Structures are given as C-alpha cells and as structure tokens.
Amino acid sequence: MRSKDKISYFYDGDVGNVYFGPHHPMKPHRLCMTHHLILAYGLHSKMEVYRPHKAYPVEMAQFHSPDYVEFLQRINPENMNLFPKEDLRRYNLGEDSDCPIFEDMFEFCQIYAGGTIDAARRLNNKLCDIAINWAGGLHHAKKCDASGFCYINDLVLGILELLKHHPRVLYIDIDVHHGDGVEEAFYFTDRVMTVSFHKFGDGFFPATGDVKEIGEREGKFYAINVPLKDGIDDSSFNRLFRTIISKVVEVYQPGAIVLQCGADSLARDRLGCFNLSIDGHAECVKFVKKFNIPLLVTGGGGYTKENVARCWTVETGILLDTELPNEIPDNDYIKYFAPDFSLKIPGGYIENLNTKSYISSIKVQILENLRYIQH
Ligand SMILES: CN1CC(C(=O)N[C@@H](CCCCCC(O)(O)c2ccon2)c2nc(-c3ccccc3F)c[nH]2)C1
Ligand SMILES: [Zn+2]
C-alpha cells in the first residue's frame with residue numbers, strides 16, 4: 001500500500017451563514033454541516049486544515065470580465081434598485097432568478113474562489129497530494145455572467161492556476177448538471193480535457209452537454225460529454241465512469257486532475273434525478289485517487305443537505321484512506337441525521353431509463369473520439 005496521501009483541506013466558517021433566500025434550493029449551510037461531521041469523525045486531525053484567503057477581484061479577472069467582477073463587488077440588496085434593470089439582466093442576476101443578489105454575496109464568492117485557488121497553489125508547490133475545497137465547484141459561472149446559482153467560476157480559476165505548472169489538466173464533473181462553464185472556458189484548447197457526466201434531455205438545465213459536443217479547433221476531441229437519462233444506478237454509472245476515465249488518463253496523461261463532486265447526482269436529491277448511493281458516488285472519488293496524480297477535489301450542487309454532508313464526509317474519509325463507522329457521532333447538527341443517524345442513505349426509486357444499448361452507444365462514441373488524441 002502506497003504511503004497515505006498528504007491532504008490539505010480548506011474551510012471558512014463564514015461560508016455557512018450565507019443565505020440565498022427563502023425559496024432558493026442552494027443552502028450553503030450544508031457546508032457547515034459537512035465541516036461539523038468531518039470534525040465529529042476526527043478527520044481534521046489527519047489533514048492540514050486552512051482558512052483560505054478571500055480571492056481578490058484581480059484574481060477573479062484572470063477569467064471573468066473586469067466589468068462583471070466590479071458589478072458583483074458593488075451590488076447588494078440595499079442598492080440593487082439603483083442599478084439599471086438591463087445591467088441585472090445582462091449579468092443574469094436578480095429577483096426570483098437562479099442567481100439572486102443576497103447579503104454578503106461577493107464575500108461568499110471570495111471565500112469559495114479563494115479556497116479553490118489556494119488548493120491549486122498548494123498542489124503546484126507540491127505541499128500536498130490532494131487538496132479539498134467542498135465550498136467550491138460552482139461550474140456554471142461564465143466569463144461575463146452568473147448562471148445556475150454560480151457567480152464566480154472557481155474551477156476555471158483553479159485550473160488556470162494549475163496550468164502554470166502542468167501542460168495538461170483533466171477536469172471531471174459528476175454533478176447531475178452539465179459542467180458547462182468549465183467546458184466553455186476551455187472548449188478551444190487541448191491543455192484542459194473536460195469530462196462531464198450529467199442528466200441530458202427534457203430541457204434539463206443547462207440543456208447543453210450532448211455527446212456530440214466534443215470541443216473545437218485545438219480543443220477538438222478534448223471535451224467529453226456523457227449525457228444520461230433519469231434513474232441511473234451505481235453499477236451502470238460506475239462501469240461507465242471507470243471505462244471512460246481510465247482511457248482518458250491513459251491517452252491524455254494529465255499532470256493534475258480537478259474533480260467536481262456535485263452531490264445532486266445522489267438518489268432523492270431535491271433537484272436531481274439519478275439513483276446513486278453515497279458508495280456509488282464515492283466510488284468515483286476512490287477510482288480517481290488511485291491514479292496518484294495531484295488531485296483537487298471540490299463540491300458543487302447538492303440540495304438534500306443532510307445527504308450532501310454525509311456524502312462529502314464519506315469522500316473526505318476515502319481521500320484519507322479512512323473507513324468511517326456507519327453510526328454518525330454526536331455533533332451540533334445530529335438532529336438533521338435522524339431517525340437513522342446512519343451514513344447510508346435510502347435507495348433511489350426513479351425508473352432507470354438508461355438502457356444497456358443506450359449506455360453502450362454513448363460509450364462507443366466516446367471511445368471512438370478518444371482514438372483521435374495521443375500524448
Ligand atoms: C431560467 N430558467 C433556467 C431554469 C432552471 O431550470 N434553472 C435551474 C438551475 C439549476 C442549477 C444547478 C446548479 C448546480 O447544482 O449544478 C451547482 C451549484 C453549484 O455548483 N453546481 C433550476 N433552478 C431551480 C430553482 C431556482 C429557484 C427556486 C427553486 C428552484 F427549483 C431548480 N433548477 C430557470
Ligand atoms: Zn448540479
């Protein structure tokens with residue numbers, strides 16, 4: 001057994017107090033629950049725990065347009081009515097939208113983006129093998145506008161940081177929604193290979209990510225999309241994941257890997273439509289870790305917050321090669337884990353519309369495309 005991986009973990013206690021609004025499904029409080037569960041299992045004593053720096057506007061502008069960053073910095077619930085409506089529309093922000101303007105919104109962006117940037121820097125300086133930022137993974141944010149609960153794309157910023165030290169970076173996304181912001185940012189380059197597994201069809205947000213979206217110009221064949229139907233289960237997902245990712249790592253030979261672990265692909269997620277168990281979801285993390293390639297792990301979606309906390313705690317344990325007892329230890333949020341107080345979650349009940357022939361045809365198309373690249 002290889003010596004255990006050295007792990008850096010980034011967390012800022014303020015991130016859990018942020019509130020998107022009364023009817024909004026995104027609840028950063030899930031991050032606070034995750035952190036307390038990690039503490040309850042004593043996992044913090046096995047890794048280096050850091051409070052990340054707050055990303056500076058100039059760091060955000062490495063990807064985002066300066067006018068968009070400045071707008072995010074200036075607007076707040078008190079002054080938003082002083083801004084022209086078309087500015088709010090232009091940046092896809094505001095009332096009753098996916099991307100509301102809430103108290104301390106910019107500080108929230110600074111914290112989660114700072115965590116992913118710091119994680120990338122620690123990996124670049126070889127001060128750890130794996131770096132974790134569960135607050136990060138906001139994969140929909142675009143250069144000039146917010147999208148799908150995402151304002152600043154921390155993943156693009158972290159990948160840009162890693163590209164300073166690695167010729168090739170692999171991005172993998174297991175959120176139930178297509179990782180469109182990261183794919184778009186690197187669609188025309190072969191320096192980043194993006195691989196997203198997500199629900200596609202029925203107009204499911206963001207409605208991009210068909211298997212035929214493969215990148216363009218220098219980036220042709222360096223974007224991979226695995227479009228799935230409702231109800232996929234552990235065995236189908238894990239078989240597809242291992243087949244595709246092992247071939248990608250073999251042919252692309254990345255110097256670093258970024259893994260977005262959106263937990264809305266779990267069974268019974270409020271916005272999701274898959275049937276993955278936590279073990280099935282975590283199996284992806286275990287598989288990627290085994291390549292022993294510098295690894296940056298982030299969160300993402302996840303709307304049944306007690307299951308998000310369970311999932312990311314189990315995955316922290318896996319990254320630490322530490323088995324966790326199924327019985328959840330006492331902690332400040334123990335009541336959220338009633339009545340079973342178990343790390344396991346009930347199975348999904350959505351009919352699996354992914355037939356064997358559908359899965360096989362997606363796999364064949366992707367493996368065909370991979371024959372065009374060799375490093
Ligand atoms: C203009 N129309 C586009 C439409 C739309 O269906 N948006 C998605 C957005 C889903 C975002 C998912 C984010 C994510 O899980 O991928 C994530 C979050 C952080 O990192 N990744 C969505 N919004 C909601 C929603 C929004 C406000 C209130 C209730 C809702 F259900 C559910 N699903 C609205
Ligand atoms: Zn999602």
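Okay, let's start with F221, which sits in the loop between β5 and β6. Keep in mind that this is a predicted model. F221 has a phi near 80°, a positive value in a residue other than glycine. Is F221 buried or exposed? It's buried, at a relative accessible area of 16%, and the cut-off for buried is under 20%.

D202 counts as exposed, though, with 72% relative accessibility. And then there's P206, again in the loop between β5 (192-199) and β6 (223-228). The peptide bond leading from F205 into P206 is cis, with omega near -5°.

There's another cis bond to point out, between A338 and P339, where omega is about 0°. P339 belongs to the loop between α10 and α11. P346 is in the loop between α10 (305-319) and α11 too, and P346 is partly exposed, at 48% relative accessible area. What does P346 touch, if we skip residues up to four places away in sequence? That would be A267 and R268. R268 is 78 residues from P346 in sequence, yet their C-alphas are 8.1 Å apart in space.

Now, the metal. Which residues coordinate the zinc ion, ligand 2? They're D175 and D264, each through OD, plus H177 through ND1, at 1.9 to 2.1 Å. Along the sequence the spacing reads D-x1-H-x86-D. So we have distant parts of the chain being linked here: D175 is in the loop between β4 (169-173) and α7 (180-185), while D264, 89 residues away, is in the loop between β7 (256-260) and α9 (278-289). Both are buried: D175 has a relative accessible area of 1%, and D264 has 0%.

Next, a helix pair. Helix α8 (residues 234-252) packs against helix α11 (residues 356-370) at an angle of about 5°, with 11 Å between the axes. That makes the two roughly parallel. On the α8 side, the residues in contact include R239, L240 and I244, and on the α11 side they include K356, I359 and K363. By class, the contact has eight nonpolar, four charged and one polar residue.

Last stop, the inside. The largest nonpolar core has 132 residues, and those with the most contacts within it are L93, Y151, M193, F197, F237 and F241. Helix α5 (residues 105-124) gives this core its largest share, eleven residues.

Methods. Residues numbered from 1 in each chain as written. Chains lettered and ligands numbered in written order. Predicted model: local features only at pLDDT ≥ 70, side-chain atom pairs only at ≥ 80, totals over all residues. Heavy atoms only, no water. Core = buried A, V, L, I, M, F, W, Y, C linked by side-chain atoms within 4.5 Å. Buried < 20%, exposed > 50% of the residue type's maximum accessible area, 1.4 Å probe, protein only. Helix = DSSP H or I, 4+ residues; strand = E, 2+ residues; numbered from the N terminus. Axes fitted to C-alpha atoms, helices over the stretch in contact; angles between N-to-C directions. Parallel < 35°, antiparallel > 145°, perpendicular 65-115°, else oblique. Contact = heavy atoms within 4.5 Å. Nonpolar A, V, L, I, M, F, W, Y, C, P; charged D, E, K, R; others polar. Donors = N, O, S within 2.8 Å, 3.2 Å for Na, K, Ca; no water.
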